[in-house]
Each structure stands twice: as structure tokens, then as C-alpha cells.
Amino acid sequence: MLQNIRVVLVNTSHPGNIGGAARAMKNMGLSRLVLVDPQDFPSHEAVARASGASDILETAQVVGTLEEALVGCTLVLGTSARDRRLPWPLIDPRECGTMACADAGAGAEVALVFGREYAGLTNEELQRCHFHVHIPSDPAFSSLNLAAAVQVLSYEVRMAWLAAEGQRPKVVKEEVGSERSSQPSTTDEMELFYGHLNATLVEIGFLDPENPRHLMSRLRRLFGRSAVSRTEMNILRGILTETQKAARGLAYKRKSAPEEK
Ligand code: SAH
């Protein structure tokens, strides 16, 4: 179950932090590390800081973008050291541990996303996350070292996992409605949907690309909260396709109809 939880480090600058994160993960039984565009990796410093956890570094997946790191995930939890302008569903590390274990235990892929040492995650990256996790540090000095933040969340995941292990019934019942259609959409499917939604809203004149006014951010927040299933996603994509067809039909009619005097 813990293998369904990946730790994603975005654009890390210090290899020592990558090693420290790997060690923190291995201590807590997590094994899947994904590095998005790391500035210095592989490196001796990472191996040194990982102590005995260099296997996590060896099997770490290195990708170019956050989108690639999140492929297949249905729950994305993004960490943030401070408040952002657009309020987002916010949870604490304990809730993060419980939520991650509940979903991973049901077979879903979960990502815990951590930002750059100096700048954290961008607003755009944070909007790729279903929930934001804030470690309730002293507001006067709120930013933890990256590897320390990974340690806190990995620990909470382990505590939730241990609690769930203790409660698990001996015979696992067949999950109700576990067929593919009722499964939640993955983040990559959601990204395709957001692209389609954006294009459609521009086409029907609801979204002005010159003046977007946080519309897509707000819609991302809405759909992110909804745990859209695959069946629901097909319905939404169908609605968008038909909306585009209707809008194009109207545009064509308007063009070809003679001007009324
Ligand atoms: N100056 C940056 C701080 C980055 S700290 C900022 O203001 O966002 C590096 C990373 O460690 C953060 O992106 C986050 O992933 C994690 N982190 C540090 N402190 C945290 C906190 N209090 N709660 C949650 N994550 C934290």
C-alpha cells in the first residue's frame, strides 16, 4: 500500500536535500521518489546525505515536468509553507497521512508534492493539487528545511498506515463499485479535461484569454474537490464536445446567413 504513495520533489537545488528526503522516506517505509527537473542529480552529496537509503536514489524517477510526475495519480497533496492568494482546501499533516493511506489502501496512486528550497511551489503547480498541506509551524518562521518537511509528512503517513494495519479485517471484502468506471479520474485525464474546458470557454466567449480573471483556477478548485469519476469525466468531455459543435454551427450559420436589413 505504501508503494502507491510517491514523493515528488520539484526543481530541488541542493542535492543534500534530495538525499535527506530519501533517508526520511526510507525510515518511514516509503520508497517511490520522483524528481522534477532537479538542479544537481545524481550527486555524491545526495548519496552521502541518504546514508543507507541510496537505493531510493538509484530507483528515483527523474522527469522534466510536474505533469509527468503526476501521471496516474488520483490524489495530489501539495505542501506549502505559507498562505497563497487563491484559497484552496487546506489540511494538516495528520489529515494528509490519513487521506493518503485511505486512498493508497484502496489501490489509488497518491502524490505528496514538495517545492523549491527558495520559492516553494508556484501558484500554477499548487493548482495541480487537490489539497494543500501546511505543517503548522510558527508563522514568524514558518518554512522548514525541505527534507525536514518530507520527514514530517512521511511520519504522518506511517502513523496512519500503522493505525490502518491494526484495524484491517482479516478477510478483505470485495470493494463495492470497484469497476473502472467508478474509479476517480487521474490527474493526467483531469489536465486533458482542463485543456478542453479552457478551449471551449474561449470558443463560446465565456473566457477572455486577455483577461482570464482566475476563472480556470476557480474551476480547477471546484473540480479538484469533486473527485470526478471516469464515467463523470466522459459525460463532461461529451458536454464540451457538443458545446463546441453547437458554437461552431452557430458561428457558421451567422457567417453564411445574409445580413438582415
Ligand atoms: N520560501 C519558500 C519555502 C520553501 S521551503 C516558500 O515560501 O514557499 C521548501 C519546501 O518545503 C516547500 O515548498 C514545502 O514543500 C516544504 N515546506 C517547508 N515548510 C513547510 C510548512 N510549514 N508546511 C508545509 N510544507 C513546508
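A residue counts as buried when its relative accessible area is under 20%. Ser 80 has a relative accessible area of 9%, so Ser 80 is buried. The model is a predicted one.

**Ser 80**
- With neighbours within four places in sequence left aside, Ser 80 is in contact with Leu 126, Val 133 and His 134.

- In soluble globular proteins, nonpolar side chains tend to be buried together.
- Here the largest nonpolar core holds 38 residues, and those with the most contacts inside it are Ile 5, Val 7, Leu 9, Leu 33, Leu 77 and Phe 114.
- Helix 7 (residues 146-167) supplies the largest share of this core, with seven residues.
- A second, separate core has 15 residues, among them Ala 69, Cys 73, Leu 121 and Cys 129.
- Not counting residues up to four places away in sequence, Leu 77 touches a set of residues that includes Ile 91, Cys 96, Met 99, Val 110, Leu 112, Phe 131 and Val 133.
- Cys 129, a member of the second core, is also touched by Leu 77.
- Val 133 is in contact with Ser 80 and with Leu 77.

**Largest pocket**
- By class, ten lining residues are nonpolar, eleven are polar and four are charged.

Definitions and conventions:
Residues numbered from 1 in each chain as written. Predicted model: local features only at pLDDT ≥ 70, side-chain atom pairs only at ≥ 80, totals over all residues. Heavy atoms only, no water. Buried < 20%, exposed > 50% of the residue type's maximum accessible area, 1.4 Å probe, protein only. Contact = heavy atoms within 4.5 Å. Core = buried A, V, L, I, M, F, W, Y, C linked by side-chain atoms within 4.5 Å. Helix = DSSP H or I, 4+ residues; strand = E, 2+ residues; numbered from the N terminus. Nonpolar A, V, L, I, M, F, W, Y, C, P; charged D, E, K, R; others polar.
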